[in-house]
Amino acid sequence: MLRAFVRSAPSFARAARAHSTKAARFALLSPHALPIVRRTAVSATVVGSQPLLRQINFYSTEAALKDEEPKETLIEETEVVTAINFMVEIQARNSTMSSKPKQRSFCISSQTHCILRRSELISNAADALEKLRHMQLIEQGFEATHPLEIHISVDKEKRTFIIQDFGIGMTEEELNQNLGTIAQSGSKAFLENLEKEGGSSMSKDKIIGQFGVGFYSTVYSRSARPGSKGYCWTTDGLGSYTLAEAEGVAVGTKIVIELREDSANFASKFTIDSVIKKYSNFVGFPIHLNGTKVNTVEPLWTQDKSAVTTDQHREFYRFVANAWDDPQFTLHYRTDAPMSIRSILYVPEHLLSNELLGQRLEPGVSLYSRKVLIQPKSKALLPEWLRFVKGVVDLEDLPLNVSRELLQDNVLSKLRNIMTARIIRWFHNESHQNPDKFNKFFLDFGQFLKEGICIDAQSKKDIAKLLRYETSATKEGELIGLKEYVERKKEGQERIYYLLTPKRKFAEESPYLEAFRKKDIEVLYLYDTVDEFVVDHLREHQRMQLVSIDSNEAATDPLLYDTEASDSASATALTDQQAKELADWIQQTLGPQVVKQVDISRRLVSYPAIITDRESPAMQRMLAMMSGSARLEAPPPMPNKLEINPDHLVMRGLFTARNDKPELAKMVVEQVYDNALCAAGVLGDPRSMISRLNTLLEISLGQAVEQDKKIPINEEKN
């Protein structure tokens with residue numbers, strides 16, 4: 001942090017006689033008490049004498065020879081204090097702040113970089129330049145003899161940091177009013193005057209500061225009004241300040257900071273360059289660091305949508321996303337109601353590798369206000385499921401708390417709702433304009449949309465319209481949405497049917513799909529484990545309930561049953577009474593711990609039995625992991641409902657074998673039940689049925705051998 005080494009009045013006089021070049025200095029105290037620069041204080045910029053002006057003009061000129069390396073140009077210190085005017089007490093504008101600070105310097109900010117952040121040095125300098133530009137339009141006499149630029153120089157050897165602009169400056173009265181009062185914002189007062197006078201809206205939009213906090217140890221300033229004097233304002237940080245006339249002060253503000261050894265990194269060109277590019281890269285005026293312009297990327301979100309080219313979007317995306325691919329979707333969004341928002345958002349071409357490797361993506365959208373960074377990669381700006389979106393959101397009228405970095409929750413919540421709804425609508429538009437491209441996007445980023453349905457109750461119905469799945473009626477790789485499914489549903493169908501399955505091959509071989517395929521009822525194929533939680537949170541879409549085809553609810557759908565089945569049944573099929581007897585025998589044989597109910601159904605064709613109303617595979621795996629991690633005995637499986645097909649050959653054979661060969665019949669019905677569990681994906685340990693399978697194979701092969709022995713050789717030859 002910056003700590004103030006403040007000289008007394010006599011020492012200033014000695015310094016003036018000795019033509020000292022050292023102005024008041026700040027130094028770092030701790031990362032929790034940074035001196036905050038007042039917005040109005042820095043709105044006035046101090047420069048040096050005429051030789052200094054010539055130097056500034058030189059290093060801000062862009063006509064340097066291209067074949068020569070640019071030389072670093074440091075800002076000289078030429079101001080000289082000539083007389084001490086008076087000393088007064090610092091006043092507090094807000095009753096919540098002490099009128100007599102106890103420390104030498106303070107800063108209500110959460111990060112050390114606050115000296116360069118929004119509403120601090122650079123932002124205040126930009127406000128000063130904007131005020132001067134505005135006054136030149138409405139009044140005579142405000143002339144600028146140098147470019148409207150911000151200049152910063154750092155000297156690692158001397159451990160100095162200097163910032164200066166050539167803005168509106170301050171008179172003696174303004175210095176007392178603005179710098180002599182804690183929490184007094186000159187920029188805010190400037191905006192209030194514009195409101196009263198009906199001033200230019202363009203100037204209003206470009207003023208950054210609206211809240212003043214803190215005080216300086218020393219500020220040089222001279223107003224841009226003709227005939228204004230230069231002043232040096234300084235404070236010892238103990239509750240009073242000194243105002244002195246000074247020579248060699250140019251229009252604007254100049255602050256010289258001398259750093260302690262443990263804060264020497266702020267005298268590093270690389271450090272300051274990084275801070276500027278991160279927080280103030282899009283300030284509306286050129287920023288020069290040691291003679292080199294550093295804010296070279298344009299804020300595209302402030303331009304008209306039609307004026308931005310594809311190449312500009314590509315370069316801007318790569319800058320804000322720190323990526324090397326191209327954006328596949330771009331949203332250039334501007335609105336003035338209910339909030340004044342300017343934004344540019346992108347969807348990357350590919351999913352970043354860290355998310356694929358299980359590392360959670362950081363948020364990709366940063367919050368700005370009037371082109372100044374407020375929150376990089378803001379976690380509160382968009383819901384977490386939209387963390388794959390990259391870009392910038394600029395809120396013009398962004399009210400801040402005292403720290404300038406802590407946003408008011410109600411404003412941020414409102415902004416979050418607006419942006420979330422707009423992004424979802426953006427994805428809807430993309431899905432309609434280019435379905436194939438959107439389907440490709442869904443394959444990469446669909447997991448984020450599914451996460452949104454599970455965690456964003458407010459938006460889940462709108463997100464559901466973006467879901468895409470393969471179905472029993474589509475080809476492999478062909479995706480459709482829920483809306484399209486509903487539009488082509490079968491007459492009389494009141495449910496959206498789906499099947500959780502890891503692969504399409506397993507789905508097409510599933511016994512549960514058999515009846516739906518026979519009746520030409522389309523079924524969604526859900527391949528991801530998270531899909532089970534998605535449908536559980538969604539439950540319905542367009543007033544149609546989402547139902548799994550392996551559930552008990554699906555078994556009751558009258559569309560699955562053929563009213564003429566009894567007429568076309570085989571003569572060898574079991575009667576209703578025989579089927580009832582077989583069902584009772586199966587339930588008694590398996591026991592109530594295994595099956596709680598055995599139902600009879602003729603919707604099946606190729607399978608003897610299926611399980612209905614069972615626990616989901618995901619839930620069973622979760623319970624198994626919980627019991628395994630705690631080294632506890634796994635809980636016993638819940639009893640299931642078994643649905644049998646009395647027309648199947650196995651069931652007909654069981655009806656006879658239960659009396660003739662009871663031991664064999666028992667093994668067969670146990671194997672039928674395990675097969676049904678396996679088909680449902682809920683069989684715990686398949687090794688438990690290996691011994692039984694081997695016995696059944698031996699019996700089957702033994703009967704085949706005995707049958708072969710009964711066939712005469714001569715008959716076989718014939």
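Helices (H or I, at least four residues) and strands (E, at least two) are DSSP runs, numbered from the N terminus. This is a predicted model, in which local features need pLDDT of at least 70 and side-chain atom pairs count only at pLDDT 80 or more, while totals for chains, interfaces and linings use all residues. Residues are numbered from 1 along each chain as its sequence is written, and side-chain values use heavy atoms, with hydrogens and water left out.

## Histidine 288 and its strand

Strand 10 covers residues 287-289 and contains histidine 288. The relative accessible area of histidine 288 is 2%, so this residue is buried; the class means under 20% relative accessible area, with exposed over 50% and partly exposed in between (1.4 Å probe, protein chains only). Histidine 288 and isoleucine 150 are 138 residues apart along the chain, yet their C-alpha atoms are separated by 6.3 Å.

## A hairpin

Strand 14 (residues 364-369) and strand 15 (residues 372-375) run antiparallel and are joined by three bridges. Two strands are taken as paired if DSSP finds at least two bridges between them. Serine 369 has valine 372 in strand 15 as its bridge partner.

Two residues lie between strand 14 and strand 15, which form a hairpin. Arginine 370, in the turn, has a positive phi of about 55°. As a general point on strands, the side chains of a regular strand alternate between the two faces of the sheet.

## Backbone features in loops

The peptide bond from alanine 337 to proline 338 is cis, and its omega is near 5°. Proline 338 belongs to the loop between strand 12 (327-335) and strand 13 (341-348).

Asparagine 322 is a residue other than glycine with a positive phi, near 55°. The loop between helix 9 (310-321) and strand 12 holds asparagine 322. With a relative accessible area of 70%, asparagine 322 is exposed. Arginine 543 is not a glycine either, and has a positive phi of about 65°. This arginine 543 sits in the loop between strand 20 (540-541) and strand 21 (544-548), and counts as exposed at 82% relative accessibility.

## Salt bridges

The whole structure contains 32 salt bridges, each being a side-chain nitrogen of Lys or Arg within 4 Å of a carboxyl oxygen of Asp or Glu. Arginine 133 and glutamate 130 form one of them, at 2.6 Å from N to O. Both residues belong to helix 4 (residues 121-138); because they are three residues apart there, about one helical turn separates arginine 133 and glutamate 130. An α-helix has 3.6 residues a turn, so residues three or four places apart point the same way. Arginine 133 is partly exposed at a relative accessible area of 30%, whereas glutamate 130 is buried at 3%.

Arginine 504 and glutamate 470 also meet in a salt bridge, at 2.9 Å from N to O. Arginine 504 is in helix 15 (residues 504-508) and glutamate 470 is in strand 17 (residues 470-471), so this pair ties together parts that are 34 residues apart in sequence. Arginine 504 counts as buried at 11% relative accessibility, and glutamate 470 is buried with a relative accessible area of 10%. Another salt bridge joins the side chains of aspartate 536 and arginine 539, at 3.7 Å from N to O. Here aspartate 536 counts as partly exposed at 42% relative accessibility, while arginine 539 is exposed with a relative accessible area of 56%. Salt bridges also link Asp311, Arg314, Arg318 and Asp326 in a network.

## The buried side of helix 5

Helix 5 (residues 172-179) has Leu175, Asn178 and Leu179 as its buried residues. They cover an arc of only 90° around the axis, so they lie on the same side of helix 5. The arc is that of the directions from the helix axis to the C-beta atoms.

## Cysteines

A disulfide is a pair of cysteine sulfur atoms within 2.5 Å, and by this rule the count is zero disulfides. Cysteine 232 counts as buried at 1% relative accessibility. Cysteine 678 is partly exposed, and its relative accessible area is 47%.
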